[in-house]
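Open the model in your viewer and get ready to select residues.

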Amino acid sequence: MTTFRSLLKASVAFTLVTGSVAAQAQTSAAADPAQDTPQNPAQSTTQASDTAADGQDIVVNGTYARSLAAGIETKRRAAYGVDSISSTDIGKFPTQNVAEALQLVPGVAITRPRGEGLYVSVRGLGPQFQNTLMNGRTIALNDLIENGGAAGRQFRFEMLPAEFTSSIDVVKTPTADMSEGALGGNIDVKTFHPLEVGNKTTVNMRGTYTSQTKQVRPNVTVLTSAKNNDGTFGILAGAQYWGKTVRNDRFMNFGWLADRYTDASRGGAPAGLYSPTRTRPTVETEDRKRISGIVSAQWQPTAELQTTLDVVATRLDVAYDEFGLDIYPDDNNVSIGGVKQLPTILQPGYTVVGDTITKATIANARFMASREYSLNRHDLITIGLKQTWNPDRWHVAANVNWSAAHSYHPDYRTGTVRSRAYFIAPLTYDASGGYQNMPTFSTPVDVTNPANYKLYQFNIAPKDSKDWDFYSRLDVGHDFDGFLSKLQAGGEYHWRKRDYFRRDYLIDTATNQPLTNLGAGAYQQLPYDDFLSGVSGNAFRNWLVPVTAAYVGNFFTPAIQGQPITNGDRRSSFVVTEKIAAAYVRADYQFDAGSVPVSGNVGVRYVHTDQVASGTLTSGNTATPVSYPKTFNNVLPSFNLRADLTPKLVGRLAASRVLTRPNVTDTAPRITVSTDAPTASGGNPQLVPFLATQFDGSLEWYFAPSGMLSGAVFYKAMDDYITQSNTEINIPGRGTVRLSSSVNGGNAKVYGAEAAYSQVFTFLPAPFDGFGVQGSYTHTEVKADYTAGSRNIKDQLIGLSKNSFNLVGFYDKGPLSARLSYVWRDKYLSSTGSTVQAPTYVAAFGSLDGQLSVRAADNLTLSLEGINIAGAHQDTYNDSKMRFGEINYYGRTILFGIRAEF
């Protein structure tokens with residue numbers, strides 16, 4: 001607490017010093033007293049206005065401009081550091097995807113797997129470091145089950161329709177009453193409520209076209225709201241069907257490894273040289289269908305008493321079908337169907353640049369035609385009830401919420417089905433073109449001829465991830481006059497359970513038999529003739545692929561399906577429960593430093609966590625159920641100060657202690673072994689949370705009607721940073737594999753600055769007064785020193801881009817609204833590598849997006865929206881830009897539609 005007392009003294013001194021300067025600039029009364037947030041920012045700005053210097057109102061009528069004005073107003077009035085995005089009307093969010101909208105917030109970046117905004121990072125810290133709430137309440141989390149890459153802390157924004165969203169707040173300087181869990185930002189997604197919306201119905205019909213598939217899928221949303229004549233009761237209901245097809249052309253590599261050919265029998269290469277491991281040109285397709293519903297009811301019999309019920313439910317089905325050709329240039333000690341294969345051998349005449357083998361011929365490489373199919377279903381339901389009572393100066397709020405998320409395959413026969421066939425042949429590669437081009441790959445064996453292939457082990461890996469979340473809290477506050485303006489205290493109980501189950505059916509009944517034994521219906525040529533057509537290079541662009549239905553019909557018999565689970569299945573499955581009890585006290589204060597109004601809050605939050613991680617450990621053929629209880633106690637103080645230096649200039653200082661709990665899969669006692677490579681991942685029940693002490697300072701200049709210029713600096717000192725450990729272990733039936741798990745072992749400091757500017761040019765003569773601009777820039781630095789295996793990682797964190805920016809130009813007046821935006825982020829570390837594996841980086845990437853809408857009548861709007869208009873592809877590389885990684889191209893997405901309002 002000494003730090004916070006010092007900061008409070010410094011803050012008072014800061015306001016006293018600036019007070020005399022500010023007093024000379026003040027010519028009118030001080031700005032409105034700070035509040036946590038506006039009561040209804042989205043609705044209150046439907047006809048948003050700003051007061052000019054002469055006292056006249058300048059009305060901002062455009063739709064995007066109103067959203068911008070609402071966000072500015074929220075930021076201006078808040079008692080803490082926040083950025084906000086608001087819908088301007090029911091069912092009318094500024095973008096078609098919630099995550100796509102968030103990337104316009106300063107310091108926020110998103111990941112777009114296969115072109116769909118999915119996860120959010122704040123100030124360089126990845127998705128697991130954010131705490132996502134819905135209407136101020138925690139929510140259960142769906143997880144990735146497509147190929148087993150579950151994590152357990154990051155919210156999948158694809159589960160929430162943008163049309164249901166009223167506003168989103170990204171809180172960067174928390175207060176003591178806010179639920180803990182974010183080192184990056186608290187993201188609160190707020191849905192519509194009937195007493196705010198009133199009597200209104202909207203119908204939104206759109207089509208989604210993707211250039212790679214050349215297909216259109218429908219999107220229909222209906223929302224209706226009604227309230228009684230005296231405004232004491234209202235109900236809102238809505239439903240959505242959303243569809244989209246996706247095709248992502250992907251040249252992917254699983255890493256570059258050192259010293260694969262140092263043994264004389266494998267080529268006798270010098271030590272320290274890196275060469276590529278498993279590589280796969282592949283086409284990934286998705287058929288996405290989402291059905292969502294929302295119900296909200298409010299009862300407000302008096303001005304002091306309000307009851308709110310929120311229900312949101314979503315089902316997302318993603319039919320995933322992948323057509324790949326796996327190439328293994330570094331096999332060693334590999335057996336296929338009980339037959340040991342010859343090791344790969346580096347041939348004489350290879351080329352070395354630095355420490356990288358850029359050109360080589362490898363004998364005995366494995367080529368594997370691969371088809372992977374899964375039907376991935378994600379269900380989410382959340383039910384919340386809130387009661388508020390505000391008699392006189394008292395404020396009482398009770399909240400309870402139950403949510404459940406279920407990610408699974410509806411049938412084992414659709415649970416990550418891997419159908420494969422292989423042959424052994426020499427591989428010649430040339431990677432001298434760099435990571436942005438496909439390397440040259442060639443072999444004397446025809447990869448399109450079924451006669452060259454033998455059957456490989458058939459694999460079905462069904463997964464079932466269940467997440468339950470129960471949340472309750474009680475808050476009591478009282479307003480005062482004088483220095484202490486409000487005193488608030490409360491308690492919170494949060495229970496969460498993750499139950500994850502995985503099976504791996506490994507079927508060798510026909511392994512090593514000719515592929516043609518299954519008949520012509522068991523294989524086909526790649527059904528696309530334009531694989532990565534815009535990318536140079538001479539890697540394979542056509543190859544043979546298995547047919548899933550034929551493999552399933554031949555190999556996944558009722559007898560196979562009925563087999564008991566194996567020890568490997570037990571090792572992969574786990575249950576983790578958390579019981580979290582928290583209590584807080586928050587005091588709001590206000591005083592004048594000279595002529596400068598100062599306000600803020602100071603508080604402390606105590607959090608007690610009981611965690612139990614359960615799973616199965618095996619020794620030989622013996623399986624033993626285990627449970628690891630662990631308890632954490634954390635004290636999290638927070639401080640926020642706001643100074644209204646002039647009616648247009650706001651200064652802020654903040655400090656807090658924050659935490660993020662480890663990923664659920666990282667704490668589970670589990671070992672999941674890859675079916676395709678000698679690698680495994682495991683959990684560590686002894687992990688403790690990430691902790692950080694953070695400081696923020698900012699200036700916000702509201703210089704003109706609907707105009708803002710702001711700057712902020714931030715600093716985060718992280719304790720117990722979780723890093724990767726790599727060890728070699730022996731798995732019965734698989735031999736030696738490289739196990740990757742997590743350990744607490746590092747400290748890191750993240751610091752930087754961000755700037756934001758937005759303005760509607762209302763000072764221009766008509767019709768040019770509808771033009772406007774919005775932009776932000778964030779620079780982030782990191783000081784860190786930790787290890788991945790024996791590899792030292794210095795001044796880098798996973799997911800952290802040093803630079804990012806966005807720029808939006810728009811015209812918004814009368815019936816016309818147009819917007820063009822460019823969002824860019826710098827390269828970032830995506831994998832730390834290990835003792836023998838090079839780190840992986842995602843290269844810098846930018847997306848050009850646009851939107852156009854025309855109001856054809858008072859209640860009818862036509863719209864057109866484009867995503868990735870420039871057709872950018874996203875690349876990765878492995879430490880050196882000579883080492884190819886991934887090339888992803890998902891094309892352009894075009895949305896067109898009509899919106900009617902009644």
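Predicted model: local features only at pLDDT ≥ 70, side-chain atom pairs only at ≥ 80, totals over all residues.

A search of the whole structure finds 34 aromatic pairs. We visit some of them.

**Stop 1: Phe251 and Phe884.** Select both and show their side chains. How are the two rings arranged, stacked or edge-to-face? Their planes meet at 70°, so the pair is edge-to-face. The ring centres are 5.8 Å apart. Now colour the strands. Phe251 belongs to strand 11 (residues 233-253), and Phe884 to strand 49 (residues 880-889). The pair therefore ties together parts that are 633 residues apart in sequence. Are these residues buried or exposed? Phe251 is buried, at 1% relative accessible area. Phe884 is buried too, at 2%.

**Stop 2: Trp701 and Phe703.** Select this pair next. The rings are tilted, with 50° between the planes. Centre to centre, they are 5.1 Å apart. Trp701 is partly exposed, with 42% relative accessibility. Phe703 has 18%, and because buried means under 20%, Phe703 counts as buried.

**Stop 3: charges over rings.** Select Arg278 and Phe254. The charged end of Arg278 sits over the Phe254 ring, 4.1 Å from the ring centre. Then select Arg290 and Trp242. Here Arg290 lies over the face of Trp242, and the distance to the ring centre is 4.5 Å.

Technical notes: Residues numbered from 1 in each chain as written. Heavy atoms only, no water. Phe/Tyr/Trp six-rings, centres within 6.5 Å; stacked < 30°, edge-to-face > 60°. Helix = DSSP H or I, 4+ residues; strand = E, 2+ residues; numbered from the N terminus. Buried < 20%, exposed > 50% of the residue type's maximum accessible area, 1.4 Å probe, protein only. Lys NZ or Arg CZ within 6 Å of the ring centre and 35° of its normal.
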